[in-house]
Amino acid sequence: MGKLIFVSNRLPVTVKKNETDIEYNKSIGGLATGLKSYHEQGNSVWAGWPGISEDVLQDEEQNTISAKLQDDYNCLPIFLSEEDIELYYHGFSNETIWPLFHYFTSNTQYNQDTWEAYKRVNQKFFDTLDAVIEPDDTIWIHDYQLMLLPQMIREKYPNAQIGFFLHIPFPSYEIFRLLIWREEILQGLLGANLIGFHTFDYVRHFLSSVRRLLGIENNMYKLNYETHTVRVDAFPMGIDYDYFFKSDPEDKLSDELRDFIANTGDVQNIISIDRLDYTKGIPDRIKAFKRFLKEYPEYHEKVRLNLIVAPSRVEVETYDNLKKQIEVLVSQVNGEFGTVNWMPIWFFFRSFSQDDLITFYRHSDVLLVTPLRDGMNLVAKEYIASRNDYKGMLVMSETAGAASELGEAVIVNANNHREIANGIKAALDMPDAEKIERNKMMHRRLSRYNVKFWADEFITALKNTDSEQIEDKPV
Ligand code: G6P
């Protein structure tokens, strides 16, 4: 039996160079957790970028890092230069694909140089992988930074089992067609035997683009492409449910969180947690909270919004501008409504440890997740699972992929401030019995369709794909 090869832009380990030594930090993200049981079995390797520029490393240091990543973490690093990071990562990945696939057409840049870099870096990934691929390996590629890689591998290894999973939305044809290099991206993806998305809507959008741009029809989510068959399906990603449900972080807590618990008193806590990103709808969320405070003054001094924004991609101009916009909005709300006893929004521009986050979840009456567009949103699932007393309530926008699985939450339109304000009130006022009933239904789903289930289902489907040509769709 061949080995399993996982490929993602970022490795599950990030390398940092300090003045005196090199630091290795394991990632706690959903993907790393989901693939952990496979990755730790031994017969697998994970290839990706260790998060550091190769330009700051001497050859000797690169060799040390490669050896350490290989020996201790089963990881195969792909080093990127400053230029690769600028053009492929910040450029094509995060200034072209990311905004376009999240329907931010006016933020989307079309630049031939970044496209060339995207091709070059996908090729760099292939060249590194080429040294370790054996014909009976199973290869699972992740996300929008590597959409050309399936076809590059297919050309050299026609019988390889190649899977691809997109962690962000696949947009409707009307949006996707705007991309200058749209055919190349589809052809790149179709090198895979199995292409997975979070929801059926994304599957439909992808198949519609394949049909309209390449003229290839599908038959029951399968299609013939060159010499192999491609299956396209939805695999909604879950979380490590048991971990969040059972976790007992109380004795690992930071002093800061201890103070938070001690001082919240009679105030009801609303929490909001995102990476800094314009797709997350943070300014609209603050405006909606302002509207809530305006319309329902009886909540003044009784509710607090803990707004946690984790720094991300700040080198990209739109992200830096967003940070400034959030700061202005937060101070406007606090300036207008705050009293000597009460600050309505507590804004944290930083990350918290997993234990601190779970504690935040457990002490928050409401989680407010209102992305303008989000592939899935695992924070919503983590919050529900962490509230093992079933007494929290999620307010979530319908444009998050997770909304299609979490229908018992309070579902709102991310652009509708009045609806979000009313949603906050409904969640805060909801009787315990109703919250428990709604949460128990969501808990059942989350515990069954956990992240292990997601990875198992995808890998099993990938191993079972055969390359027999399917019959043409009956007319
Ligand atoms: C999203 C993407 C991932 C990405 C993550 C963090 O979840 O789907 O591919 O790794 O954001 O973004 P970053 O740019 O820091 O890798």
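How many bridges pair strand β12 with β13, and in which sense do they run, parallel or antiparallel? Keep that in mind while you load the model, which is a predicted one.

**Stop 1: the parallel sheet**

Select β13, β12, β11, β14, β15 and β16, in that order. These 6 strands make an open sheet, and the pairing is parallel. Look at the two ends. β13 (345-348) and β16 (410-412) are the edge strands; each has a single partner, so one side of each has no neighbour in the sheet. From one strand to the next, the twist averages 20°.

Now zoom in on β12 (residues 303-310) and β13. They pair over 4 bridges, in the parallel sense. Pick L305: its bridge partner in β13 is I345.

Next, show helix α12 (residues 317-337). Helix α12 packs on this sheet and touches β12 and β13. Its direction makes about 155° with that of β13.

**Stop 2: the mixed sheet**

Move to the sheet of 8 strands. Trace the order β5-β4-β1-β6-β7-β8-β10-β9; this sheet is open too, and its pairing is mixed. The edges are β5 (75-77) and β9 (222-225), each with a single partner strand, so one side of each is left without a neighbour in the sheet. On average, neighbouring strands are turned by 20° against each other, direction ignored.

Select β6 (residues 138-142) and β7 (residues 161-165). They run parallel and are joined by 5 bridges. I139 stands opposite I162 in β7.

**Stop 3: the nonpolar core**

Which residues have the most contacts inside the largest nonpolar core? Highlight V7, A380, L394, V395 and M396. The core holds 131 residues. Helix α3 (residues 82-101) supplies its largest share, 9 residues.

Center on V7. Beyond its neighbours within four places in sequence, V7 is in contact with A47, G48, F125, L129, I139, I141, H142, L146 and L149.

**Stop 4: the ligand**

Finally, select the ligand. Around it are N9, R10, D143, H167, I168, S312 and R313. Color this shell by class: 1 residue is nonpolar, 3 are polar and 3 are charged.

Definitions and conventions: Residues are numbered from 1 along each chain as its sequence is written. This is a predicted model: local features need pLDDT of at least 70, side-chain atom pairs count only at pLDDT 80 or more; totals for chains, interfaces and linings use all residues. A nonpolar core is a set of buried Ala, Val, Leu, Ile, Met, Phe, Trp, Tyr and Cys residues joined through C-beta atoms within 7 Å. A residue is buried if 20 or more other C-beta atoms lie within 10 Å of its own, exposed if 12 or fewer, and partly exposed in between; C-beta atoms are placed from the backbone. Helices (H or I, at least four residues) and strands (E, at least two) are DSSP runs, numbered from the N terminus. Two residues are in contact if their C-beta atoms, placed from the backbone, lie within 7 Å. Two strands pair if DSSP finds at least two bridges between them. Axes are lines fitted to C-alpha atoms, for helices over the stretch in contact, and angles run from 0 to 180 degrees between N-to-C directions. A residue is near a molecule or strand if its C-beta atom, placed from the backbone, lies within 6 Å of it. Ala, Val, Leu, Ile, Met, Phe, Trp, Tyr, Cys and Pro count as nonpolar, Asp, Glu, Lys and Arg as charged, and the others, Gly among them, as polar.
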